[in-house]
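Welcome! Take a look at the structure first, then read on.

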Amino acid sequence: MILYNTRLNIIKISEDMRVLVSDFEFIYNGKRNVIQKGFKTDLATIPFPISVWLKPDGDYKESAVIHDWLLKRMYGGDEKITRAYASSVFLESLIYQEIPVYHIIPLYSGVRLYDLYKYIEKEVL
């Protein structure tokens, strides 16, 4: 279960980059997590032509920030975090935010397809 303890407070610093201007706190499976002020995110990376319909800074931006933060921790060496875990938290966050299913399906599918691409790139290529 996921629960947001604070509001997401971000500002745009470039066309495709945002920065948190205050800490963003959420609880996931009973554990308190804090995304620190100053964390940079591109929000949701959505390719054209889907980006005509789903904007990177849509109502799901909290979910996107959490997903980016988890991936940054994974790339930083946190062995407890996998792409699959980050994607599952992303999905749960989308559901918590009551994002419409017709938005959840392409958002989550895109994340999982990218996960598959990264797996193939690492293991096969």
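The largest nonpolar core has 20 residues, and those touching the most other members are Leu-20, Phe-24, Phe-26, Ile-35 and Ile-66. A nonpolar core here is a set of buried Ala, Val, Leu, Ile, Met, Phe, Trp, Tyr and Cys residues joined through side-chain atoms within 4.5 Å; buried means under 20% relative accessible area, exposed over 50%, and partly exposed in between, with a 1.4 Å probe and protein chains only.

This is a predicted model, in which local features need pLDDT of at least 70, side-chain atom pairs count only at pLDDT 80 or more, and totals for chains, interfaces and linings use all residues. Residues are numbered from 1 along each chain as its sequence is written, and side-chain values use heavy atoms, with hydrogens and water left out.

- Ile-66 is in contact (heavy atoms within 4.5 Å) with Ile-2, Tyr-4, Phe-24, Phe-26, Ile-35, Val-89 and Ser-93, leaving aside its neighbours within four places in sequence.
- A second, separate core has 11 residues, including Leu-54, Tyr-60, Ala-64 and Leu-94.

**The pockets**

- A pocket is an open set of points on a 1 Å grid over the protein atoms alone, where a 1.4 Å probe fits, with protein on both sides within 12 Å along at least five of seven lines; lining residues have an atom within 4 Å of a point.
- The largest pocket holds about 520 Å³ of space.
- Its lining has 23 residues, and Thr-45, Ile-46, Gly-110, Val-111 and Tyr-114 are the closest to the pocket's centre.
- H3 gives the largest share of that lining, 8 residues.
- The second largest pocket holds about 250 Å³, and its lining includes Met-74, Arg-83, Asp-115 and Lys-118.
- H3 again gives the largest share of the lining in this second largest pocket, 6 residues.

**The sheet**

- Three strands form an open sheet in the order E2-E3-E6, with antiparallel pairing; two strands pair if DSSP finds at least two bridges between them.
- Strand E2 (10–14) and strand E6 (40–41) are the edge strands, each pairing on one side only.
- E2 is joined to strand E3 (residues 17–20) by 4 bridges, and Lys-12 has Arg-18 in E3 as its bridge partner.

Methods: Grid points are joined across faces, edges and corners, and a volume is the space filled by probe spheres set on the points. Helices (H or I, at least four residues) and strands (E, at least two) are DSSP runs, numbered from the N terminus.
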